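Please keep the model open as you read.

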Amino acid sequence: MDPTTSAQIAAIEANWDVRTPVHVASQFYDVAHRDPADWFAPFEWDDLGDLAGKDVAHLQCHIGSETLAFAARGARVAGLDISGASVEAARAIAAEAGLDVRYVKADVHESVSALGGSAYDVVYTGKGAVCYLPDLDAWATEVAGLLRPGGTFYLVEFHPLLNALSPVPPPDGDESLLLRHDYLGGRGAIAREGTHTYTDGPALPEAVEHYEWAHGIGEVVTALVGAGLRITLLRETERLPWPRWSTMAPTPGGWFALPDAAPRLPFIYALRATRD
C-alpha cells in the first residue's frame, strides 16, 4: 500500500477500536442473548451447505456476532479482523458462549500470512466489509490464497443500490426512495466522520475520521475472476437484517422487507465462487 492508503487503513482500525465497546453493549448486537444465526438469511445456509467438520475463515469479522454461527454448526473456525479491540471482544464473547473460535488480529490484505494459505474449505465475508477495501484485486488474491482447491468463497454484502439510497436515514429523516450517493465506485476514498455508530448506545468520545470505498458488483466479480475463482452463484434480495425504513416489516425468515406495494429493490447480494 502507498503511504496515503496505509494511513487510511490505520484510520479504519482506530475507528473500529473506538466503536467496539459501544457495539458490545448495544441492544442491536445483544451479544448475551441474540442467536448468531439471526444474522443470516435462510438462503445463506442453503448456499453454504453442511459445514460440519469443515475449516471456515470469516474475514473482517468484527466482534464475531456471525462467526459463532459457523462454530455452532460444527465447523473449525478462524475469524480475522483489523481491530484489536474487536478481536479481544470476540474472544470473550466466544468463551462466554462456550464455542471454540480462533480469532486473529490482522489487516484483511494480509489474510494468507495471518491465517495460512490453502487452509480453508470456506471463506466467508460481508454485510459491511467490502466498503473498507481500497484494492479489490489485492483482496481477491488473498481470498483465493486462503482456499483449498475446490474450496468455496461466499460473500453476502449490502447492495450498491442500498448505498446509493443511503444505508442510514439522511439528517432530515426523509424516507423517500431517492438516489443520494454513487452506485459505482471510481471516485477513490470517501471520508466519513461522526460521533454516533450505526447501533444504539452512547455517542463516541469524539468523532473519528475513517474511510470507505464504493464498489459496484461488476468490480467485485471482475476482481474475483481475475484471482482465478469461478463464480457459481449470484443472487439479489429485497430483504435486510434490520429495518432501514420504518415501513419495513419482518419476513418469515426473520429479516425485513418493504411493503408489497413498494418497488422491489435489491438491498443485499450474495456471491459464491470456487477455487478450481
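## A tour of selected sites

Ala75 is buried, at a relative accessible area of 9% (buried is under 20%, exposed over 50% and partly exposed in between, with a 1.4 Å probe and protein chains only). This is a predicted model, in which local features need pLDDT of at least 70 and side-chain atom pairs count only at pLDDT 80 or more, while totals for chains, interfaces and linings use all residues. Residues are numbered from 1 along each chain as its sequence is written, and side-chain values use heavy atoms, with hydrogens and water left out.

Ala75 sits in the loop between α3 and β2 (helices are DSSP runs of H or I with at least four residues, strands are runs of E with at least two, and both are numbered from the N terminus). Leaving out residues up to four places away in sequence, Ala75 touches Leu51, Ala52, Gly53, Lys54, Val56 and Phe70, where contact means heavy atoms within 4.5 Å. Arg275 is 200 residues from Ala75 along the chain, and their C-alpha atoms are separated by 19 Å.

**The α1 and α4 pair**

Two packed helices are described by the angle between their axes and the distance between the axes. How do α1 and α4 cross? The axes of helix α1 (residues 3-25) and helix α4 (residues 84-97) come within 7 Å and cross at roughly 30 degrees. That angle makes α1 roughly parallel to α4. Here axes are lines fitted to C-alpha atoms, for helices over the stretch in contact, and angles run from 0 to 180 degrees between N-to-C directions; under 35 degrees counts as roughly parallel, over 145 as roughly antiparallel, 65 to 115 as roughly perpendicular and the rest as oblique. On the α1 side the contact is made by Trp16, Asp17, Thr20 and Val24, and on the α4 side by Gly84, Ala85, Ser86 and Ala89. These residues divide into 4 nonpolar, 3 polar and 1 charged (Ala, Val, Leu, Ile, Met, Phe, Trp, Tyr, Cys and Pro count as nonpolar, Asp, Glu, Lys and Arg as charged, and the others, Gly among them, as polar).

Ser83 lies in the loop between β2 (76-81) and α4 and is buried, with a relative accessible area of 0%. Beyond its neighbours within four places in sequence, Ser83 is in contact with Glu13, Trp16, Asp17, Thr20 and Lys105.

Val18 also belongs to this tour: this residue of helix α1 is partly exposed, at 24% relative accessible area. Apart from residues up to four places away in sequence, Val18 touches Leu204, Pro205 and Val208.

Most residues other than glycine have a negative phi, and most peptide bonds are trans.

**A pocket to look into**

Which helix gives the largest share of the lining of the second largest pocket? That share, 3 residues, comes from α4. The lining as a whole divides into 9 nonpolar, 3 polar and 2 charged residues.
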